[in-house]
Amino acid sequence: MKLCMIGTGYVGLVSGTCFADIGNQVYCVDKDKNKIDKLNSGISPIYEPGLDELIKKNYNANRLIFTTDIKKAINSSDLIFICVGTPTKKGSLKVDLSFVYKCSKEILKHSTKKKIIITKSTVPVGTGDEIEKIFKKKKKLFNVISNPEFLREGEAIRDFRYPDRIVIGSDNKNKFKTMRKLYSPLISKGAKFFTTSRKGAELIKYASNAFLATKITFINELANLCEKTNINVEDISLGIGSDTRIGSRFLRAGPAYGGSCFPKDTKGLVSAAEKYKTNLSIVKSVINSNHRRVSLLTKRVHQILGKNLKNKKISILGVTFKPNTDDMRDSTSLKMIPYYCKNGAKVSYYDPSGEKKEFKQIKNCTYKKNIKENCVDADLIILLTEWDEFKSIDFKKINKKKNLKIFDLRNLYAPEEMKKNKLQYYSVGRPNLN
Ligand code: UDX
């Protein structure tokens, strides 16, 4: 099939490349010439394991075309995917849909024959109806359907190839057939093909993210209780997660959830519900609880190092919101590092995805090239992101300080082992053995 992905951000680039890999011809369009030039010379603008190779393979097979020429891309395709950003509006919970509407107007301007328009961007309930209004002049040419994307950063290719479900929302039942054909290579490998109304599909995406954010926030709050009662939160996760009605995934206690979706989509859902005079009080408290968690964990440093942080050497391992991505959006590190520096600590950090522009201007914050360089003279090592290379560090070998302290926000190490090695070890939601 001939597809056009408008927007080569996370969703557009990964799904466009994966669609090409299952045999489609895919135009990936972006107005950012620099990005398109990079892609045409084989450089991916995002960090995603396996993506570079997949782009090269499909580009060389002429199935993947990168261009700024939206007119040509639209006219060469039958299915047009809207994959532009839907950020939160500054100073509010509302979703900024200006990119979605702008690109719908471009589609209207350039289309000369029938097209199926598919929103892959996460959009609030009713956005499909608004897009349809933009198309009203040439109504007969367009069918607007919703096909939300559920892939996770760092695991995006696997998630595309082996999705739990494919959700298609359309008020025109004939269009399900086309979408089933497009996804048939994934359906034949076991993906559930789920069809519903267009609005239903739009809400499913927000509801999924809000529910997962709720699970994480729930276990994070229980972790606080576990710390006070000397219980291991991991036992609680296993104990409740083994009930298939609850399920074991997304019950890992840790820092506040971050990333490009959960913080944005929980807010977007609340504000969309308000438009329909509906109070989503649970989602609201999830948002608030997650905010509180950032400052709770940031301030925990005082329980470990004392009130005065002046000249204390804090080394942070991992600053992205999760491993296998270079994405910094809503990462706890964005609050932690400035707080420690402001309070006089000397902070260094290492991240496998490289140095971050967010910390370049901060006084007393330096980037180190590897774990050893980062941790050699630390008073406190904070494990903030669970990259594989942080999972078996010989702390005694890389830092000779007698009273070295470790704060593990991802529970990567066993407290008993750390105690045996005479390390002062702090983790999340587990008994403190110091
Ligand atoms: C999420 C959704 O999972 C995905 O379906 C959607 O398309 C986009 O948003 P992503 O943001 O890439 O994906 O990462 P995810 O793995 O879901 O993690 C989100 C945040 O939750 C991270 O900060 C992660 O550290 C945290 N998390 C996740 C936990 O703290 N505990 C868990 O058990 C799982």
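These notebook entries record what I looked up around the ligand and at one helix beside it.

**Basis.** I worked from a predicted model, in which local features need pLDDT of at least 70, side-chain atom pairs count only at pLDDT 80 or more, and totals for chains, interfaces and linings use all residues. Residues are numbered from 1 along each chain as its sequence is written, and side-chain values use heavy atoms, with hydrogens and water left out.

**Ligand shell.** I found 18 residues around the ligand, each with a heavy atom within 4 Å of it. Phe150, Leu151, Glu153, Lys322 and Arg410 come nearest. I sorted the shell into nine nonpolar, two polar and seven charged residues.

I looked for polar contacts, that is, pairs of N or O atoms within 3.5 Å. A polar backbone atom of Leu151 lies 2.9 Å from a ligand oxygen. For Glu153, I read 2.7 Å between a backbone N or O atom and an oxygen of the ligand. Arg252 also places a backbone N or O atom 2.9 Å from a ligand oxygen. The ligand taken alone exposes 660 Å², of which the protein buries 95% (Shrake-Rupley method, 1.4 Å probe).

**Helix α10.** I noted that α10 (residues 198-229) gives the largest share of the shell, three residues; helices are DSSP runs of H or I with at least four residues. With α13 (residues 281-305), the axes come within 9 Å and cross at roughly 45 degrees, angles running from 0 to 180 degrees between N-to-C directions.

Note on methods: Polar contact = N/O pair within 3.5 Å; in protein donor to acceptor, adjacent residues only side chain to side chain. Helix = DSSP H or I, 4+ residues; strand = E, 2+ residues; numbered from the N terminus. Nonpolar A, V, L, I, M, F, W, Y, C, P; charged D, E, K, R; others polar.
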